[in-house]
Amino acid sequence: MEDISSYVQKNKERFIGELKDLLKIPSVSADPVFSQDVLNTAEAVKENLLKAGCDRAEICDTPGYPIVYGEKSIDPDLPTVLVYGHYDVQPPDPMDLWESGPFDPVIKQTPGHPEGAIFARGACDDKGQMFMHVKALEYMVQSGTLPCNVKFMIEGEEEVGSASLEWFIERNQEKLKNDVILISDTGMISNTQPSITTGLRGLSYVEVEVTGPNRDLHSGLYGGAVANPINVLAGMIASLHDENNRITIPGFYDKVEEISPEERSEMAKAPFSLEQYKNALDIDDVYGEAGYTTNERSSIRPTLDVNGIWGGYTGEGAKTVIPSAAYAKISMRLVPDQDWEEICQLFKDHFESIAPKGVKVVVKPHHGGQAYVTPIDSIGYQAASKAYSDTFGITPIPQRSGGSIPIVSLFEKELKSKTILMGFGLNSDAIHSPNEHFGVFNYLKGIETIPLFYRHFTELFRSQENES
Ligand code: BES
Ligand code: MN
Ligand code: MN
């Protein structure tokens, strides 16, 4: 039997070519212009699952974009791994900052990736990482080493809040039954220090609208006498943080899980260079909540950020105007045990209460999800840890991430199973940004590591069964 690393080396060019084909389809879920491309991508994922060795693969319709489901069952007495991923991608904007086309994948040399990286929207988030699982299945089927049953659930709405996923899970409990959920949609510390993501932040996303006069006004005739919605909105937003950069919404921190000093000192052991961090972003200093380190601020602490703000005149030249309305999109990253719907409500109540009389405020909740933490003593975590140790030669560090995959807590609630986050991306991969990329090393290493997870998981699962 051929071992995985020689299989990967031999098929490297094909693996890259097949991923490039997937990356060429612009599956932007946020923009209806791309709806046919999103559907075509679902079809391509299904074909790839069948080609890799699934017994069955289908496109499952939902109220939104379809979910691609696939499975290969070998023995009902063996455990089942459910792989989740997403085939949709973020919009490529701003287009002019891409050095090569977002849907024209190319391998280029870039710092930190001596073997080059594949540049395209979705290269890392999540087509490249999802496709590692498809190729890992291909190897296990080809070599006759698939040790357990496998199911795939690949969705097309992750980047817009996974609205149809809950709908789908509720209706397909039996079909989705599993012993562990495996996701590659996060990152690791570096190519020489792997890590396993043990936490994700929750999210509350809202849009606010501040309306003043019933029409745009001449800023000379009316300026100074009526509330300018942009001035007011800017002030309201500024008041949401105090001098210590803590969020001022009453009750916001009430349920925040405080991390023990022991766990904080454990976290602080992960390799991190503040100088490199600042250099990579070209900033003179970091910024955030007093009393916490940069790593803590971006993982175990909640945040509030404006993602976009608009209103008034933003075209060429100058126009003197007091706009009738101003808008902003605001996200709050949450930690255990904050509840995203409750936080939306706290935000709404507070934001409405601080508005001056001269304006009207509307707060519209968008979407959200709960935070997630997973224990490191589960057999899933142990299997992942062994798999990384096998392929990287060092034990991975458990690390909480600042990003959100809202469906992970939903899986636990609905399917009662734990999720293992085996991410192979790097923070420098520019996900959601222009020039997103995924290291060739990372892509191939992922394909090599995944089959080892299956092997270790099945062994640990069976020995656990024998004990009970
Ligand atoms: N894959 C990311 C989440 C992520 C990236 C987690 C890196 C940890 C490390 C996912 O596709 C994503 O972008 N999630 C959104 C939330 C979603 C509801 C739009 C996010 O975190 O902003
Ligand atoms: Mn993702
Ligand atoms: Mn994403």
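Where is N245 found? I looked this up first in what is a predicted model. N245 sits in the loop between α5 (229-238) and α6 (261-267). I noted that its phi is positive, about 65°, although N245 is not a glycine.

**Entry: manganese ion (ligand 2)**

I listed the protein donors of the manganese ion (ligand 2) as H86 (NE2), D125 (OD), D185 (OD) and D185 (OD), at 2.0 to 2.4 Å. Along the sequence, these donor residues follow the spacing H-x38-D-x59-D. I then checked the angles: the six donor atoms around the manganese ion (ligand 2) subtend 57 to 166°, which makes the arrangement irregular. The site links distant parts of the chain, with H86 in strand β3 (residues 80-86) and D185 in the loop between β7 (180-183) and β8 (195-200), 99 residues apart.

**Entry: manganese ion (ligand 3)**

For the manganese ion (ligand 3), I recorded D125 (OD), E159 (OE), E159 (OE) and H432 (NE2) as protein donors, lying 2.1 to 2.5 Å from the ion. Their spacing along the chain reads D-x33-E-x272-H. The six donor atoms here subtend angles of 55 to 154°, so the arrangement around the manganese ion (ligand 3) is irregular. Distant parts of the chain are linked in this site too: D125 lies in the loop between β5 (113-119) and α3 (127-142), and E159 in the loop between β6 (149-155) and α4 (163-171), 34 residues apart.

Which residue coordinates both manganese ions, ligand 3 and ligand 2? I found that D125 does, and that the two ions are 3.6 Å apart.

**Entry: cis peptide bonds**

I returned to D125 for its backbone. The peptide bond from D125 to D126 is cis, with omega near 0°, and D126 lies in the loop between β5 and α3. I noted another cis peptide bond, joining P336 and D337, with omega about 5°. D337 belongs to the loop between β13 (325-334) and α9 (340-353).

**Entry: packing of α1 and α12**

I next examined helix α1 (residues 4-23) against helix α12 (residues 440-467), which pack at an angle of about 125° with their axes 10 Å apart. The two helices are therefore oblique to each other, and α1 passes α12 in a right-handed crossing. From α1, I listed I4, S5, V8, K12, F15, I16 and L19 in the contact; from α12, I listed V440, Y443, L444, I447, E448 and P451. Sorted by class, this contact comprises 10 nonpolar, one polar and two charged residues.

Note on methods. Residues are numbered from 1 along each chain as its sequence is written. Chains are lettered from A and ligands numbered from 1 in the order in which they are written. This is a predicted model: local features need pLDDT of at least 70, side-chain atom pairs count only at pLDDT 80 or more; totals for chains, interfaces and linings use all residues. Side-chain values use heavy atoms; hydrogens and water are left out. Axes are lines fitted to C-alpha atoms, for helices over the stretch in contact, and angles run from 0 to 180 degrees between N-to-C directions. Helices (H or I, at least four residues) and strands (E, at least two) are DSSP runs, numbered from the N terminus. Angles under 35 degrees count as roughly parallel, over 145 as roughly antiparallel, 65 to 115 as roughly perpendicular and the rest as oblique. A crossing is left-handed if the near helix is turned anticlockwise from the far one by less than a right angle, and right-handed if clockwise. Contact means heavy atoms within 4.5 Å. Ala, Val, Leu, Ile, Met, Phe, Trp, Tyr, Cys and Pro count as nonpolar, Asp, Glu, Lys and Arg as charged, and the others, Gly among them, as polar. Donors are N, O and S atoms within 2.8 Å of the metal (3.2 Å for Na, K and Ca); water is not among the atoms, so sites may look incomplete. Four donors count as tetrahedral if all angles lie between 85 and 135 degrees; four count as square planar and six as octahedral if opposite donors are over 155 degrees apart and all others between 65 and 115; anything else is irregular.
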